[in-house]
Amino acid sequence: MAVSAKIHGFMEQGGWIRKMFEMGIALKEQYGEENVFDLSLGNPVVEPPEEFHQELLRLAENPIKGMHRYMPNNGYPGTRQAVADGLKTETGMAFTAADIVMTCGAAAAINVVLKTILNPGQEVIILSPYFVEYGYYIDNHGGTAVIVATDESFQPDLKAIEGAINERTRAIIINSPNNPSGVVYPRELLAALGELLAHSEKKHGGEIYLISDEPYRRIIYDGLSYPQVFPHHLNTIVVNSHAKDLALPGERIGYMAVNPDCPDKAELADGLTFCNRMLGFVNAPALMQHVVRALQGVTVNPLDYQRKRDFLYSRLTQMGYTVTHPQGAFYLFPESPVDDDVAFVDALQNWNVLTVPGRGFGTPGYFRISYCVEDKVLEGAMYGFAKAAEEFGLQGAHSD
Ligand SMILES: Cc1ncc(COP(=O)(O)O)c(C=O)c1O
């Protein structure tokens, strides 16, 4: 076998999102682009904000001497300062450039954090449904993923988390707004989680890191302001990305931020910087660091996504689907009308509608719809959703 047995196993069981994406490409070749409704991948269709192009142009016309050379592994001081200033404004906490390490997106950031903090055999709690790559990232760095289910509204179940914590627990990863459920964790819940972690640290005698994965922090609806995670636990590390808030997923730019009140923040930031280099990322892309320095206050318009959510949520619930109302990100995670979510996703595929089965997120019995697509794709998918609702006997289903 060309690949290791472990990777072979991962490739067999995982990768639902990519599998559906590749299926979409094949179906488009067969039926034509406009007849396939691909809601499988979180690849934003919106363009980056105008300010991004202006900044790119400004840099091209006024290059900074040495702007493409090697740099400190944690990134340019000016960019880290801009990120720190933005976080100071958002949280009211005293961030400095020393608390920030620029990364190649959130995926790299999570890997760097885990590399930095994990001793062999330590455990990391993840909450299902979860972003499927977490399991692979934890494995990458010798940790063990401990999966804890969320409650019926996809909110963290504190009792279950408490039951999963033991002396081997090193971290918990949370993600709000959540991929795939779209739910936002309220302040009170984060406060209670912080208390639980602080209490557990005392009980077991070691740090338990709260890793908050926040690429959708600014894609939030209904006038909600983002419930910040930092104030609730000293050992918090936020990982973030500009893949979604500036619609730059291909540019691989993001950051890690250490709680400015974390007791060992200097050692932690040094460790993160070292691992950023050691894992082979070396540093975040220079050009993007120059660009996002000026864009920390800029975001794609969340109202575009909110409008898509409203359309999809109201149409699907009218058809009889059961869906938790999402308040952020750009995903919907409805219940599958049959227990076998793969069978349902296959049925939708017969109508050229591509979604991802819930088991791809550790939660069978559901399916994920990604709605960061053009309106015409969402509208076109409605017929298939209605037909599948009819086929599986949902109340309210009609496909006229
Ligand atoms: C929850 C979550 N975390 C991390 C990532 C990875 O983001 P990036 O592209 O910045 O690596 C994604 C991407 O979709 C995501 O949904």
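This is a predicted model: local features need pLDDT of at least 70, side-chain atom pairs count only at pLDDT 80 or more; totals for chains, interfaces and linings use all residues.

Colleague: Okay, which residues touch the most other members in the largest nonpolar core?

Modeller: Tyr321 and Phe385 do, in a core of 69 residues. A nonpolar core is a set of buried Ala, Val, Leu, Ile, Met, Phe, Trp, Tyr and Cys residues joined through side-chain atoms within 4.5 Å. Buried means under 20% relative accessible area, exposed means over 50%, and partly exposed is in between (1.4 Å probe, protein chains only).

Colleague: And which helix gives the most to this core?

Modeller: Helix α13, residues 375-391, with eight residues. Helices (H or I, at least four residues) and strands (E, at least two) are DSSP runs, numbered from the N terminus.

Colleague: What does Phe385 touch?

Modeller: Leaving aside residues up to four places away in sequence, Phe385 touches Leu39, Leu316, Met319, Tyr321, Leu348, Val353, Thr355, Phe367 and Ile369. Contact here means heavy atoms within 4.5 Å. There is also a second, separate core of 26 residues, and Val112, Ile173, Leu268 and Leu272 are among them.

Colleague: Why do nonpolar side chains end up together?

Modeller: In soluble globular proteins, nonpolar side chains tend to be buried together.

Colleague: Let's switch to strands. Is β5 enclosed or open?

Modeller: Six of the six residues of β5 are buried, so this strand is largely enclosed by the rest of the structure.

Colleague: Which strands join up with β5?

Modeller: Strand β3 (residues 123-128) runs parallel to β5, with four bridges between them, and Glu123 sits opposite Thr169 of β5. β5 also pairs with β6 in the parallel sense over four bridges, where Ala171 has Tyr209 of β6 as its bridge partner. Two strands count as paired if DSSP finds at least two bridges between them.

Colleague: What about the sheet with β9 in it?

Modeller: That is an open sheet of three strands in the order β9-β12-β11, with antiparallel pairing. Its edge strands, β9 (331-332) and β11 (356-357), each pair on one side only. Two bridges join β11 to β12 (residues 367-370), and Pro357 has Phe367 in β12 as its bridge partner.

Colleague: New topic: how many salt bridges does the structure hold?

Modeller: It holds 19. A salt bridge is a side-chain nitrogen of Lys or Arg within 4 Å of a carboxyl oxygen of Asp or Glu.

Colleague: What does Lys159 pair with?

Modeller: Lys159 forms a salt bridge with Glu162, with the closest N and O atoms 3.6 Å apart. Both lie in helix α7 (residues 158-164), three residues apart, which is about one turn of the helix. Lys159 counts as exposed at 65% relative accessibility, whereas Glu162 is partly exposed at 39%.

Colleague: Where do Arg170 and Glu207 lie in the chain?

Modeller: These two meet in a salt bridge, 3.0 Å from N to O. The pair links distant parts of the chain, 37 residues apart: Arg170 is in strand β5 (residues 169-174), and Glu207 is in the loop between α8 (187-204) and β6 (209-213). Arg170 is buried at 14% relative accessible area, while Glu207 is partly exposed at 27%.

Colleague: Last one, the backbone. Where are the cis peptide bonds?

Modeller: One joins Ser128 and Pro129, with omega about 0 degrees, and Pro129 lies in the loop between β3 and α6 (133-140). Another joins Ser176 and Pro177, with omega about -10 degrees, and Pro177 lies in the loop between β5 and α8.

Colleague: And what's up with phi at Ala329?

Modeller: Phi of Ala329 is near 55 degrees, which is a positive value in a residue other than glycine. Ala329 lies in the loop between α11 (302-318) and β9, and at 0% relative accessibility this alanine counts as buried.

Note on methods
Residues are numbered from 1 along each chain as its sequence is written. Side-chain values use heavy atoms; hydrogens and water are left out.
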